[in-house]
Amino acid sequence: KSLRVALYAMLATASDNRVVSRLTKVMTDVKNLDATSVRGLRNVGVAIALPAAKALLKNFNFNKRALLASVLFKPYAVNTGTGVITINNLVPINHINFPPGATHVTLKGAWLKLNFVTGLYDMQPTNAVNLPINAVSSNVVLTPVGVPVLAGATNFYLLQIEFFQMVNLVQYSLKDGAHNTLCAIEVT
């Protein structure tokens, strides 16, 4: 629940109706990696320190109908020291699988520190880069507004892609649930 609460605003436009059960299953698998607590008292807060637990959460897609790998066809990089996500030479019409009617795409990210023991979190969103869906190449640099500060926390680096349709110079979000994506691209 702590992860869902921390990501509530991002999940509003990029999640499926089964995300709670899918995330609960993954978190149960993470909890089961706790080899120090007795059965019945195992918890995510202990297990998350293990590389295997972090690997279970890495590349988790919050919208199963729009997997990041099926929407974005361009390599990205995340700097885990700064939280900066970069996508070089992105040509939206070639590198993004966009829905019919979409005229623009917005890429944004976040750096989340979450302490699974206390439930406390600090999330720093990045700038949002809005691009028309055309053949113009752009270097996308998503930089968090700050560095999250929280002791004993797990780092989540998230990438979100949201589609818009421009009508009379106003962009309207396409919230049909089948195309917007949100993914934990790195967990440390």
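Predicted model: local features only at pLDDT ≥ 70, side-chain atom pairs only at ≥ 80, totals over all residues.
Residues are numbered from 1 along each chain as its sequence is written, and side-chain values use heavy atoms, leaving out hydrogens and water.

The protein chain has 7 helices and 10 strands; these are DSSP runs numbered from the N terminus, with helices being H or I of at least four residues and strands E of at least two. Its C-alpha trace spans about 60 × 35 × 25 Å along the principal axes. Of the 188 residues, 45% are buried, meaning under 20% relative accessible area with a 1.4 Å probe, protein chains only.

Now for the cores, which are sets of buried Ala, Val, Leu, Ile, Met, Phe, Trp, Tyr and Cys residues joined through side-chain atoms within 4.5 Å. The largest has 27 residues, and Leu57, Phe62, Phe156 and Leu158 touch the most other members. Several elements each supply at least two residues, including helix H1 (2–6), strand S4 (104–114) and strand S8 (154–167). Helix H3 gives the most, with 5 residues.

So what does Phe156 touch, not counting residues up to four places away in sequence? Among its partners are Leu3, Leu57, Trp111, Phe116 and Val187, where contact means heavy atoms within 4.5 Å.

Terms used. Buried < 20%, exposed > 50% of the residue type's maximum accessible area, 1.4 Å probe, protein only.
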